[in-house]
Amino acid sequence: MIRYDADFVLFTYFLPAIMHDDVPRKSQRATRKGRERRDKILEVASEVFRENGFEATSMSQIAALAGGSKGTLYNYFPSKEDLLLAVLLTGAQDFTEQVLTKLDCEGDIREELKRFLLPMLRNLYSKQTAQLLRIVVSVGGHSDIGKRFMEMLDDQIWDGVQCFFAHHIERGTLRKLDPALMVEHFRCLSEGEIVLLLMGAMEPWSEEHIQSETEHILDMFLHVYQNDTAN
């Protein structure tokens, strides 16, 4: 059973970045060292999980490759499930920071969505993402990692996209329809082929294919939702 929810994991990860300046330097150095150790563990764990899968990966193996003891590893992550969730959340947080900064509510909606969609598709249809998502699927029958991870994505990414759509509805750029429904349709267009990638029925997308699919997705989405007067 996972002991921490997504918000707690993210909070503990970014806590050193929001510490007050009056914290003693010795404590700051210790915290920085701990953060570096945690980053190293996550880096190693991500590689080992992707290479071996969840069941074949042991905490002892990760500890050895990270250059520490198993006891130290358990101080950071009480279980292997906690560690996998932290790997997923860390990668998703990095992606979120890159992607959501691309959305400017005052800009041209097609260009803004394109700047958002391109890096999202590059990440989503990559070999590395497919490897991690296959692990999540493999443990889905006896773990809530997938549920927690998807809830975090909703909070960190898609709620922001919904606000973006709502703003453009107010501006008159998009039709006066439910922005939550717009998000669902946009996600379906963007994530529609991920199952093929996870099943090995499709190769990771090339840059040329990503560029082509981006234009195709935007054409379909804006054909339905863009206000005629904004064309």
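The model is predicted; local features need pLDDT of at least 70, side-chain atom pairs count only at pLDDT 80 or more, and totals for chains, interfaces and linings use all residues. Residues are numbered from 1 along each chain as its sequence is written, and side-chain values use heavy atoms, with hydrogens and water left out.

The protein chain has 11 helices and zero strands. Helices (H or I, at least four residues) and strands (E, at least two) are DSSP runs, numbered from the N terminus. Along the sequence the pattern is α-α-α-α-α-α-α-α-α-α-α. The chain has 231 residues, of which 42% count as buried. Buried means under 20% relative accessible area, exposed over 50%, and partly exposed in between (1.4 Å probe, protein chains only). Contacts (heavy atoms within 4.5 Å) were also sorted by sequence separation. Among those between residues at least 6 apart in sequence, 74% join residues at least 24 apart.

Helix H6 spans residues 109-124, 16 residues in total. From first C-alpha to last, H6 reaches 22 Å, close to the 22 Å expected at 1.5 Å a residue. The expected span is 1.5 Å times one less than the number of residues. Asp 108 caps the N-terminal end of H6, with a side-chain oxygen 3.3 Å from the backbone nitrogen of Arg 110. The buried residues of H6 include Glu 112, Phe 116, Pro 119 and Met 120. Among the elements covering the buried residues of H6 are H5 (80-100), H8 (145-171) and H11 (207-225).

The largest pocket has a volume of about 820 Å³. A pocket is an open set of points on a 1 Å grid over the protein atoms alone, where a 1.4 Å probe fits, with protein on both sides within 12 Å along at least five of seven lines; lining residues have an atom within 4 Å of a point. The volume is the space filled by probe spheres set on the points, which are joined across faces, edges and corners. The lining comprises 34 residues; Leu 88, Ala 92, Asn 123, Thr 129 and Phe 149 lie nearest the centre. H5 gives the most, with eight residues. H6 is one of the helices that each supply at least two.

A search of the whole structure finds zero disulfides (pairs of cysteine sulfur atoms within 2.5 Å). For Cys 163, the nearest cysteine sulfur is that of Cys 105, 8.1 Å away. Cys 163 counts as exposed, at 53% relative accessibility. Cys 188 is exposed, with a relative accessible area of 54%.

Conventions: A polar contact is a pair of N or O atoms within 3.5 Å; within protein, one must be able to donate a hydrogen and the other to accept it, and residues adjacent in sequence count only if both atoms are side-chain atoms.
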